[in-house]
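Subject: Structure for you to look at

Hello,

Here is the structure I said I would pass on. Please open it next to this email and follow along.

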Amino acid sequence: MESLKQKAKELLEAGEIKAVLGYARGTSDTRRPHVAMSALEVDKLVADQACTTNLANLLMKHEIKHLGKLAVVASRPSTLRSLLQLTAEHQVADGAILALVPAEGGVKQLGTAQAFEEHLALVPQKKTEKDQALLDRLKAMPRAERFAFWQKEFSRCMKCYACRNSCPMCYCERCTMDCNRPQWVPVPSHAVGNQEYHLVRAMHLAGRCVECGECGRACPVGIPVHLLTFFAEDSVRAQFGQGGGASATIDNALSTFRPDDKETFIR
Amino acid sequence: MAERYKLTQDALSALFEALAKDGRRILAPTDADGRTELNAVTSPDQVSKQYLQTILSAKETVFPKVERLLSYTTEGGKVDLKDAQPHALPTVLFGVRPCEAGAFKALDAVFNWDSRDKFFNARLEKLAIIGVSCTSADEACFCTSAGGGPGDTQGSDILLTPVQGGYLAEILTPRGEAIQALAPQFFQAGATEDKEAVLAKVEKAFDREALTAKLPGMFENPVWKQQSLRCIGCGACAFVCPTCVCFDIQEEADPKKGERLRLWDSCGFSLFTLHASGHNPREVQSARWRQRIYHKFAYYPERYQQYGCVGCGKCTRACPADMNLKEHLVEAAQAQ
């Protein structure tokens, strides 16, 4: 933690960056996102196991993006995966954001997509046991039972959009959900409105989800909404042999068109 | 001070039966798939044993997340318009905390401000509240800074305080008396247990009135921007809030029929104040966050002579970015 603070101060003092996006102490032993622009604010940085938020989401926030060159504390591999995917989607320029990865006895400074990829090769992406167990259970369910499961979960949804707003890949300036001329998806959080929202989101993220699980963690009513995109991601991986967050130079599986596509309907 | 009675755990079961016999639905905190939610119950055994609060507030019982206001059909140029009628069931809200019981007053201030809202009133008229005092609190709680307290009686028709062998019952309103009258034998008069001794200790964190006096002078204070840098602009805080009352009106229609719906809205959304022209008077998240604070602690007292926050802390617990309202209000109170 001290080396992280040290590094952050050096970078700020040298003028290499304008701010560090990291973690600070939050309510009841939790950790919260923290923006440090001065040595005083750097001293509040924390790096430990409790730092679970994927900070890449905030890097896309207007007010933070415009602070100037940023360093992000990438305690979680998914933050780097997000940066790779955002680079692949031309939302972040390669080299624009510095990643500080707390490591054994120090801090690793990564500045390019290639460095992110090399680091990620050392830390394999793995779902939590709880997520994997529920995902397996869902996959094993007959379709009608699975549909009933999601209908019950969606009935709790109130469309607060915490899932969307916490997602690093939901960076659209104007989300389809917020378009009202025409209104594509019903706004109310009734059965149809909720279902359409979650299915549109899952489809939009298929092949792009970095599997950080942030959406599920953000949900105030505990809907395991991340499993929808995990499920979609597994399908894309099985069909196309690629997934979100793996590389900065990848074409999205579901939105790339080539004359030699194996599907005839597309040509 | 209302007279205090003793209500044993067995007597509570019998009271639930008496309420059901009287045709009332009982809503209480339950453990549903690891989540504390308000659900219909028939016995105290179904009530969550260990809960601080429900995730969502009890405002749903009078202000549902989606409500139909009217519907219509059109045929041959003729419009048949039907006003919706509120579907209000006689309901007893059991086990809500004193902070939330006190929140209905803030909802009432808006729904009965310039016109009387028939949907809200139809439900409120059929609602009785059996609150339960808090014997524990967490870091998000700040009721004592918001004019309440862990054993506050405001808003409850009956307030129960857990004591050895059952509850201490305070009958506070005619609605409470009507419930007592359903089963008077279960309320033992002359209870002597010390209520204050079992209540949670919630220290006062800031002076609410001083903050209200200060807010008009700190509209441009950098504190709002600092606090809201990590806010992701979702509606979790507003939707779980027992006093947040803002709603949207949506029309769902096709050429033959349609309906008009009222739904929860949030000042945290960028769309909330977006004008048709494209101009947004609250362009950035800091302006929206400031609005949330000002609405509750400046505009509410100015307009309704009461506050729009009861210090329940639900927003803090629900926030994905850990926007801790108590902490941020203390910061505002101390800001230069």
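Below is what was found in it, taken part by part.

Please keep in mind that this is a predicted model.

The strands. Strand β1 (residues 19-25) of chain A is joined to strand β2 by 6 bridges, and the two run antiparallel. Together β1(A) and β2(A) form a hairpin, with 5 residues between them. In the turn, S28(A) has a positive phi of about 45 degrees. If you want a pair to locate, A24(A) stands opposite R32(A) in β2(A). Strand β2 (residues 31-36) of chain A has 6 of its 6 residues buried, so it is largely enclosed by the rest of the structure.

The two chains. In chain A, 39 residues are in contact with 40 residues of chain B. The two chains bury about 2900 Å² between them, with 55% of it on carbon and sulfur atoms. R32(A), R156(A) and M158(A) supply 19% of the area that chain A buries against chain B, more than any other three residues.

The helices. Helix α7 (residues 129-140) of chain A packs against helix α8 (residues 143-154) of chain A at an angle of about 130 degrees, and their axes are 8 Å apart. On the α7(A) side the contact is made by L134(A), R137(A), L138(A) and K139(A), and on the α8(A) side by R146(A), F149(A) and W150(A). By class, this contact has 4 nonpolar, no polar and 3 charged residues.

Regards

Definitions and conventions
Residues numbered from 1 in each chain as written. Chains lettered and ligands numbered in written order. Predicted model: local features only at pLDDT ≥ 70, side-chain atom pairs only at ≥ 80, totals over all residues. Heavy atoms only, no water. Axes fitted to C-alpha atoms, helices over the stretch in contact; angles between N-to-C directions. Helix = DSSP H or I, 4+ residues; strand = E, 2+ residues; numbered from the N terminus. Contact = heavy atoms within 4.5 Å. Nonpolar A, V, L, I, M, F, W, Y, C, P; charged D, E, K, R; others polar. Buried < 20%, exposed > 50% of the residue type's maximum accessible area, 1.4 Å probe, protein only. Pairing = 2+ DSSP bridges. Buried area = accessible area lost by both parts, 1.4 Å probe.
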